[in-house]
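Me: Could you take me through one part of this model slowly, the place where the helices meet, and then show me what lies beside it? I'd like one connected account that I can follow with the structure open.

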Amino acid sequence: MAEGRDVQWVEVTEGQVGQRVDNFLLTRMKGAPRALVYRIVRKGEVRVNKKRVKADTRLALGDLVRIPPLRLTPREAVREVSDNLRNLLAGSVLVEGRDWLVINKPSGLAVHGGSGVKIGLIEALRQVREDLDFLELVHRLDRDTSGCLLLAKSRPALLALNASLKERQMDKQYLALVAGRWPARRDFVSARLDRFELANGERRVRVEAAGKVARTRFAVREAFEKVTLIEAEPVTGRTHQIRVHAAHAGHPLLGDDKYGSRESQRLSATLGLSRLFLHAAALTFPEPSSGRPVKIKAPLPDELEAVLARARHSR
């Protein structure tokens, strides 16, 4: 049967070797939601070298990938990047290497779409950076967290950076403002964490003896009358780890609508804080090709600096 005129056959290049079929398609099919990609793969509309494949099939150099015509309903389509978001992301690149880049992620932007989020940072960047055939997240930040976010621009770089993350060769330093006076002597919180869902499907995390091992290093950066600016370094990388560990220690993060207390909410209102005070301030990792250490810093956003200025004024 003859192929339709809208069908594309794309040859896999060196930079795409080893990439999963689903991620390859998400990069090529701008605006396609992940659920649609899985559906067309499952139905056999996507072929590699004329054979059916699974979403997690890895691509090899020279493979020919059949990409069917994409016809999205308005409900299915990933939202087009607005001019404001395009400009914001273009100005948020902190440092860019040959096969990686670090973005200063804005608060309020999810790292990927799904669960009611029409467009995430990775989908938006794939639209903005049309010069890149490969772009994947190395790690994630919560939607309301700002700061250093590392992405890979090639499959070998992604594998190398993932290995560095797994082997704990990647250091992340966060700044957070917490309720109360954090005791200077408390430099570690070690409490197992368990993920669960609320009745409405919202994901949460709690301290649970049967949960996964989690450990966070804390240090006081500046003490105020009723709040403390702390530096947090997650030794493990569990979901919401810093937020849950801080709350477990009796000092929830200000602006935290999931794990905050009435007191932290009151303090947030007093200081004029309208977002989570959690910022990925620094990231250190071995450069994928050379192994040399790279350290990137993201300045504290103006709205958080303003909150600290008000806290200093109230002392």
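Reply: Happy to. In this predicted model, helix α1 (residues 21-28) and helix α2 (residues 34-42) have axes that come within 10 Å and cross at roughly 120 degrees. Angles of 65 to 115 degrees would count as roughly perpendicular and those over 145 as roughly antiparallel; α1 and α2 are therefore oblique to each other. Their crossing is right-handed.

Now zoom in on the side of each helix that takes part. From α1 come V21, D22, N23, L25 and L26, and they meet R34, V37, Y38 and V41 of α2.

Helix α1 lies across β1, β2 (47-48) and β4, and runs at about 60 degrees to β4. Those strands belong to an open sheet of 4 strands, ordered β1-β4-β2-β3, with antiparallel pairing. The edges are taken by β1 (8-11) and β3 (51-52); each has a single partner strand, so one side of each is left without a neighbour in the sheet.

For β1, that partner is worth a look on screen. Strand β4 (residues 64-67) pairs with β1 in the antiparallel sense over 4 bridges. To find your place in this pairing, pick V10 and look across to β4, where its bridge partner is V65. From there you can go back to α1, which lies across both of these strands as well as β2, and on to its contact with α2.

Notes:
Residues numbered from 1 in each chain as written. Predicted model: local features only at pLDDT ≥ 70, side-chain atom pairs only at ≥ 80, totals over all residues. Heavy atoms only, no water. Axes fitted to C-alpha atoms, helices over the stretch in contact; angles between N-to-C directions. Helix = DSSP H or I, 4+ residues; strand = E, 2+ residues; numbered from the N terminus. Parallel < 35°, antiparallel > 145°, perpendicular 65-115°, else oblique. Left-handed = near helix turned anticlockwise from the far one by under 90°. Contact = heavy atoms within 4.5 Å. Pairing = 2+ DSSP bridges.
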